[in-house]
Amino acid sequence: MNLSDAELERYARHIVLREIGGGGQVRLKAARVLVIGAGGIGSPAIEYLAAAGIGTLGTIDDDQVSLSNLQRQTLYATTDVDRPKVEAARARVAALNPEVAFTGFRQRIDARNADALIAEFQPDVVLDGCDNFATRLAVADACLRHRLPLVSAAVSEFEGQLGVFRGWEADKPCYRCFVGQDPERPGISCAEQGVLGALTGVMGSLAALETIRAIAPFGEDPAGKLLLVDALAFRFRTLALPKDPGCPACG
């Protein structure tokens, strides 16, 4: 796979990075990334992955754009209200980078269809920015079964968290090592608690960065660590996540 003259110009600032270079950009072009949720986290992630030249982007989301989304979901405009998010995302990606192929799945992913959707799209990396715990568990379990790197980002009020999970590796935790095994954990939505819009942009951009790193490796491996962002305290912290030897999923 080669880069055209237009692509060489478009991605010039990546290519001059010693850690990325032309080889890394070709890997991005060949990659397939599946984004779960086209909301506050998914919006900036989709934009930056498209801009970075990911060859094929997929998005799973069953929702439509509402006016209250626009405070944080930068993928959409006021004219997109009531439009399916996957359709609006498709148009935005095409406008941003016509070199990127986009596949939208207008449905909710859950434990019943996660394997089928992943098998259909065949991603190299899955980025999860969804808004409920049950979906996160279903996606994480499917990624573990398919041995796919999972980039998981979440936000609430003024706090965010980000982790990269490859639980099939002997020394790396899976998502269930981190959150436990309770599938009935109650979820609290941003509609109930609120969320700082710009923070979703930060976490979505960081999730895109880690997805790019998973495809064209550079720097330190983030798997087995958790990044915590506290916007109230102006603080970023990194914690080690040990593998749980008793984890029924990966132990």
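Trainee: How much space lies in the second largest pocket?
Mentor: About 290 Å³ of space lies in the second largest pocket, where a pocket is, on a 1 Å grid over the protein atoms alone, an open set of points with protein on both sides within 12 Å along at least five of seven lines, and a volume is the space filled by probe spheres set on the points, which are joined across faces, edges and corners. Keep in mind that this is a predicted model, in which local features need pLDDT of at least 70 and side-chain atom pairs count only at pLDDT 80 or more, while totals for chains, interfaces and linings use all residues. Residues are numbered from 1 along each chain as its sequence is written, and side-chain values use heavy atoms, with hydrogens and water left out.

Trainee: Which residues lie nearest the centre of that pocket?
Mentor: His14, Tyr48, Ala52, Leu209 and Ile212 lie nearest the centre, out of 15 residues that line the second largest pocket, lining residues being those with an atom within 4 Å of a point.

Trainee: And which helix gives the most to the lining of the second largest pocket?
Mentor: α10 gives the most, with four residues, and each of α2 (12-15), α4 (42-52) and α10 (197-215) supplies at least two. Helices here are DSSP runs (H or I, at least four residues), numbered from the N terminus. By class, this lining has ten nonpolar, two polar and three charged residues, with Ala, Val, Leu, Ile, Met, Phe, Trp, Tyr, Cys and Pro counted as nonpolar, Asp, Glu, Lys and Arg as charged, and the others, Gly among them, as polar.

Trainee: How do α4 and α10 pack, at what angle?
Mentor: α4 and α10 pack at about 40°, with their axes 7 Å apart; axes are lines fitted to C-alpha atoms over the stretch in contact, and angles run from 0 to 180 degrees between N-to-C directions. The two helices are therefore oblique to each other, a word for angles that are not under 35 degrees (roughly parallel), over 145 (roughly antiparallel) or 65 to 115 (roughly perpendicular).

Trainee: Which residues make the contact of α4 with α10?
Mentor: From α4 there are Pro44, Ala45, Tyr48, Leu49 and Ala52, and from α10 there are Thr200, Gly201, Gly204, Ser205, Ala208, Thr211 and Ile212, contact meaning heavy atoms within 4.5 Å. These residues divide into seven nonpolar, five polar and no charged. Tyr48, Ala52 and Ile212, which are part of this contact, are also among the residues nearest the centre of the second largest pocket.

Trainee: Switching topic, how many cavities of 30 Å³ or more does a search of the whole structure find?
Mentor: The search finds one, a cavity being a set of points where a 1.4 Å probe fits but cannot get out. About 50 Å³ of space lies in the largest cavity, and its lining includes Ala140, Cys143, Leu144, Phe165 and Trp168. By class, that lining has nine nonpolar, one polar and one charged residues.

Trainee: Which helix gives the most to the lining of the largest cavity?
Mentor: That is α7, with three residues. Helix α7 (residues 133-146) also packs against helix α6 (residues 114-121), at an angle of about 55° and with their axes 9 Å apart, and α6 and α7 are therefore oblique to each other. The contact is made by Ala114, Asp115 and Ile118 of α6 and Ala138, Ala142, Cys143, Arg145 and His146 of α7. By class, it has five nonpolar, one polar and two charged residues.
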